[in-house]
Amino acid sequence: MPTLTVQNLPAASAVPVPAGTTLLAALQAAGHDWMHACGAKGRCTTCRLLVTSGLEALTPPTAAELRYRAAGRLLETERLTCQARLPEGHITGRVPVALQLPHVQYSAE
């Protein structure tokens, strides 16, 4: 099964990403609290993940992600967890500092 590791989450372990599931849904199913102000509709960028390896394994960017890239609000190495899916393989990423939740203890690494 495809997996996602978020390096700066507490006890960063591989989160299984079932087929057809968004990264956000997989993170929530694994019990991680993850910012998503618009309710996972692709209307904001609060659920973004900075992908540090495996970017090519993700599904192509959605229209919403391309709009945010064109507007300069989403880097080429960032994906919206509510939009991106991982058909196979493994990716590694980080929660950007600006989007870290105050009640979660993130590591500096």
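Q: Why is Ser107 called partly exposed in this predicted model?
A: Ser107 has a relative accessibility of 32%. Buried means under 20% and exposed means over 50%, so a residue at 32% is partly exposed.

Q: Where is Ser107 found, and which residues does Ser107 touch?
A: Ser107 is found in the segment after E5. Not counting residues up to four places away in sequence, Ser107 touches Gln7, Asn8 and Arg94. Ser107 and Asn8 are 99 residues apart along the chain, with their C-alpha atoms separated by 4.7 Å.

Q: What makes the pair of Ser107 and Gln7 a polar contact?
A: A polar atom of the Ser107 side chain lies 3.5 Å from the backbone oxygen of Gln7. The cut-off is a pair of N or O atoms within 3.5 Å, and the pair is listed at that distance.

Q: Why is Asn8 called buried?
A: Asn8 has a relative accessibility of 1%. The limit for buried is under 20%, so Asn8 counts as buried. Asn8 lies in the loop between E1 and strand E2 (15–16), and a polar atom of its side chain is 2.9 Å from the backbone nitrogen of Val95.

Q: Why is Thr22 called buried?
A: The relative accessible area of Thr22 is 12%. Buried means under 20%, so Thr22 is buried. Thr22 has its place in the loop between E2 and H1.

Q: Which residues surround Thr22 in contact terms?
A: Leaving out residues up to four places away in sequence, Thr22 touches Thr81, Cys82, Ala84 and Arg85. A polar atom of the Thr22 side chain also lies 3.1 Å from the backbone nitrogen of Ala25.

Q: How do you know that Cys82 is in no disulfide?
A: By the distance rule, the count of disulfides comes to zero. The cysteine sulfur nearest to that of Cys82 belongs to Cys47, 3.7 Å away. A disulfide needs two cysteine sulfur atoms within 2.5 Å, so Cys82 is in no disulfide. For Cys38, the nearest cysteine sulfur is that of Cys44, at 3.6 Å, and Cys38 is in no disulfide.

Q: Why is Gly89 called partly exposed?
A: Gly89 has a relative accessible area of 41%. Partly exposed lies between the buried limit of 20% and the exposed limit of 50%, so Gly89 is partly exposed. The place of Gly89 is in the loop between strand E4 (78–80) and strand E5 (90–94).

Q: Which residues does Gly89 touch, not counting residues up to four places away in sequence?
A: Gly89 touches Pro2 and Thr3. Gly89 and Glu56, 33 residues apart in sequence, are 9.6 Å apart from C-alpha to C-alpha.

Q: Which residues of the largest nonpolar core touch the most other members?
A: Of the 26 residues in that core, these are Leu4, Val6, Leu9, Leu23, Trp34 and Leu49. Strand E1 (3–6), helix H1 (23–29) and strand E3 (48–53) each supply at least two residues, and H1 gives the most, with four. Leaving aside neighbours within four places in sequence, Trp34 is in contact with residues including Val6, Leu9, Leu49 and Val95.

Methods:
Residues numbered from 1 in each chain as written. Predicted model: local features only at pLDDT ≥ 70, side-chain atom pairs only at ≥ 80, totals over all residues. Heavy atoms only, no water. Core = buried A, V, L, I, M, F, W, Y, C linked by side-chain atoms within 4.5 Å. Buried < 20%, exposed > 50% of the residue type's maximum accessible area, 1.4 Å probe, protein only. Contact = heavy atoms within 4.5 Å. Polar contact = N/O pair within 3.5 Å; in protein donor to acceptor, adjacent residues only side chain to side chain.
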